[in-house]
Amino acid sequence: MESIYYVICWHCHRRCKHCYEDKFHPYIRDELEQVVEEAITNFPKIIDNLPTSMMYDDWHHPDEQGQPVQRKGRIILSGGDVLTDPVREPVLYPILEALQEKYRDTGGVNVVVQTTGDLVTPKILQELLDRGLWMLSIAGMDDYHVGLQGDKKFTLMDKLLGYFNDFGMVESGSEENVHWFDQQGPVYSSFGATDDSWIGKLWPRGRAWENNLSKATLTDNFCNAWSGGLNFLEYGKSGSEISIDPTGNFYPCCIKTAAPLGNLTEEPLQTILDDLQGLPELEAINAGKPERMGLSQGVSVSDFYGNCRTQKPNGDDYSNLCIGCDQFFEHHLGDILKRKRAARLAQQRGLVAINA
């Protein structure tokens, strides 16, 4: 695939009011031990079930003959914050090492570590580079992250730029005549949750929803964009991306649909995607047209739009396509996915029995 967004652990050192997932927060004592153990237990199975190669055909940037170019895909390791002390050494570092080992002989992989930035030190940066880091992505450059409001985020970025310069890292996209994804690395990038960047008007999810922060309307189609469901079924081609959480559940978008499409502790990703290709409901998401999800089941586009209406926790009226998608998953698609998953697992058990 071009990109896999892998949330490796729920633990975070912040409880940001704009976060799309309320499971991201500080954990202590037994709860902390549980989320870290969950990550440690699941990541070997998840990595085993990732694609055997992360090379993909780039149809968006063909060669001089108009043919797609083979490029190296990315795996983005995120949280929570993966640089917290409970997560960094027992979870992140072994995952970095396992990914380098898995893809060493199949074209390699560009590994991105995403962090808010305030936990980065020269020692940690060296440890990341020693384990094959391609990009360090600083995701806390906004006023939502506690402690980084106003000029504080710029002060932090100035400090980080000094580190990056000392380690010979360059900014993503800064090399002339080289696509950012073709840079050899190590590189860095930075962004934040602003109206014109990242999650834009804020997804109707998690604490962003609970705190009435989403400004998205019915015209804001998060599905038809990067990190949305667009092209998620097109593995092996440019534009393909899926999102994985620490349990192994995976989704067609970082926003996360109301139910997962499968679980990578149980089955290979490619097996699941092959099984789901051609399913009209998911092909609509793949096309970035969630309003067409129900056409094969008699749910018109007009009906879908009607199901996109709800109220925020504060009682304000609200409409967005994600709400309609959630409704459709709950009333129609969730059961279909459960049946298909059960059929795949039954077939898998049968094959194991035959080969035993």
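## Reading pockets and strand pairs

Mentor: Let's start with the largest pocket: its lining holds 17 nonpolar, 13 polar and six charged residues. Here Ala, Val, Leu, Ile, Met, Phe, Trp, Tyr, Cys and Pro count as nonpolar, Asp, Glu, Lys and Arg as charged, and the others, Gly among them, as polar. Bear in mind that this is a predicted model, where local features need pLDDT of at least 70, side-chain atom pairs count only at pLDDT 80 or more, and totals for chains, interfaces and linings use all residues. Numbering runs from 1 along each chain as its sequence is written, and side-chain values use heavy atoms, without hydrogens or water.

Trainee: What volume does the largest pocket have, and which residues are closest to its centre?

Mentor: A pocket is an open set of points on a 1 Å grid over the protein atoms alone, where a 1.4 Å probe fits, with protein on both sides within 12 Å along at least five of seven lines; lining residues have an atom within 4 Å of a point. Volume is the space filled by probe spheres set on the points, which are joined across faces, edges and corners. Here that's about 720 Å³, and among the 36 lining residues Ile76, Phe191, Trp226, Ser227 and Glu241 are closest to the centre.

Trainee: And which strand pairs with S6?

Mentor: Strands are DSSP runs (E, at least two residues), numbered from the N terminus, and two of them pair if DSSP finds at least two bridges between them. S6 (residues 135-138) pairs with S8 (residues 187-190) in the parallel sense, over four bridges; Ile138 has Ser190 of S8 as its bridge partner. S8 also runs parallel to S7 (residues 170-171), joined by two bridges, with Tyr188 as the partner of Glu171.
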